[in-house]
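Colleague: I would like to learn how to read a model of this kind feature by feature. Could we start with the whole chain and then move to the details?

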Amino acid sequence: MAIIVAAASAERRDAVWPRLLAPMCSMVRGASGLGEVEAEWLERWLLFDAGRGDLGPHDVQTVQMSIADAALALGYGGVPVADVVAVRALRALQEVGILRLVHKGVKGHSSLYAVMPLPPADGDGIP
């Protein structure tokens, strides 16, 4: 993990997302750790948005993180730019293909992200 973060940081000196990657890894969990609402979000996303009806929520690793959680993980707690930096880091993790937004958070529920890539579809040639 440290090698990935070091390589990513070297790619772009002002990149914030590599600093979020390490704490985010401790937040990754399977569907058994999701609440009922989040499990429903994941099921709907797999079926309709990801086009992977062959997968169930138990097949996918997820991260549930709010913007405030991301800001704290980055060490920006109460700084006025904390939300901007956290949103930038979360978007960058999506752009580089590490996360995919399953559902934007709603009151009482943080945003849910799928950790990519998804398991290969049956018949993709992987035994």
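Colleague: How much accessible surface does the protein have, and what percentage of that surface belongs to carbon and sulfur atoms?

Modeller: Keep in mind that this is a predicted model. The accessible surface of the protein comes to about 7,600 Å², and carbon and sulfur atoms account for 55% of that surface. Of the 127 residues in the protein, 37% are buried.

Colleague: How many helices and strands does the protein have, and in which order do the elements run?

Modeller: There are five helices and three strands, and reading from the N terminus the order is α-α-α-β-α-α-β-β.

Colleague: How should I read the packing of two helices, and at what angle do helix 2 and helix 5 cross?

Modeller: Two packed helices are described by the angle between their axes together with the distance between those axes. Here, the axes of helix 2 (residues 17–25) and helix 5 (residues 82–95) come within 9 Å and cross at roughly 80°. With angles of 65 to 115 degrees counting as roughly perpendicular, helix 2 and helix 5 are therefore roughly perpendicular to each other.

Colleague: Which residues of helix 2 and helix 5 meet?

Modeller: From helix 2, W17, L20, L21 and M24 meet A89, L90, A92 and L93 of helix 5. Sorted by class, the contact of helix 2 with helix 5 has eight nonpolar residues, no polar residues and no charged residues.

Colleague: Turning to the sheet, in what order do the strands lie, and is the pairing parallel or antiparallel?

Modeller: Strands of a sheet pair through backbone hydrogen bonds, and the pairing can be parallel or antiparallel. In this model three strands form an open sheet in the order 1-3-2, with antiparallel pairing. Strand 1 and strand 2 (99–103) stand at the edges with a single partner strand each, so one side of each is left without a neighbour in the sheet. From one strand to the next, the twist averages 35°.

Colleague: How many bridges join strand 1 to strand 3, and how many join strand 2 to strand 3?

Modeller: Four bridges join strand 1 to strand 3 (residues 111–115), and four bridges join strand 2 to strand 3. Y113 in strand 3 stands opposite V63, and L101 also stands opposite Y113, while A114 in strand 3 is the bridge partner of R100. Strand 3 is mostly covered, with four of its five residues buried.

Colleague: Which way do the residues of strand 1 point, and are they buried or exposed?

Modeller: In a regular strand the side chains alternate between the two faces of the sheet. In strand 1 (residues 62–65), T62 and Q64 point one way whereas V63 and M65 point the other way, and all are buried. Helix 3 (residues 36–49) lies across strand 1, strand 2 and strand 3, and runs at about 110° to strand 2.

Colleague: Where does S26 lie, and is S26 buried or exposed?

Modeller: S26 lies in the loop between helix 2 and helix 3, and because its relative accessibility is 64%, S26 counts as exposed. Although S26 and V63 are 37 residues apart along the chain, their C-alpha atoms are separated by 9.1 Å.

Terms used: Residues are numbered from 1 along each chain as its sequence is written. This is a predicted model: local features need pLDDT of at least 70, side-chain atom pairs count only at pLDDT 80 or more; totals for chains, interfaces and linings use all residues. Side-chain values use heavy atoms; hydrogens and water are left out. Buried means under 20% relative accessible area, exposed over 50%, partly exposed in between (1.4 Å probe, protein chains only). Accessible areas come from the Shrake-Rupley method with a 1.4 Å probe; for residues, only the protein chains shown count as cover. Axes are lines fitted to C-alpha atoms, for helices over the stretch in contact, and angles run from 0 to 180 degrees between N-to-C directions. Angles under 35 degrees count as roughly parallel, over 145 as roughly antiparallel, 65 to 115 as roughly perpendicular and the rest as oblique. Contact means heavy atoms within 4.5 Å. Ala, Val, Leu, Ile, Met, Phe, Trp, Tyr, Cys and Pro count as nonpolar, Asp, Glu, Lys and Arg as charged, and the others, Gly among them, as polar. Two strands pair if DSSP finds at least two bridges between them.
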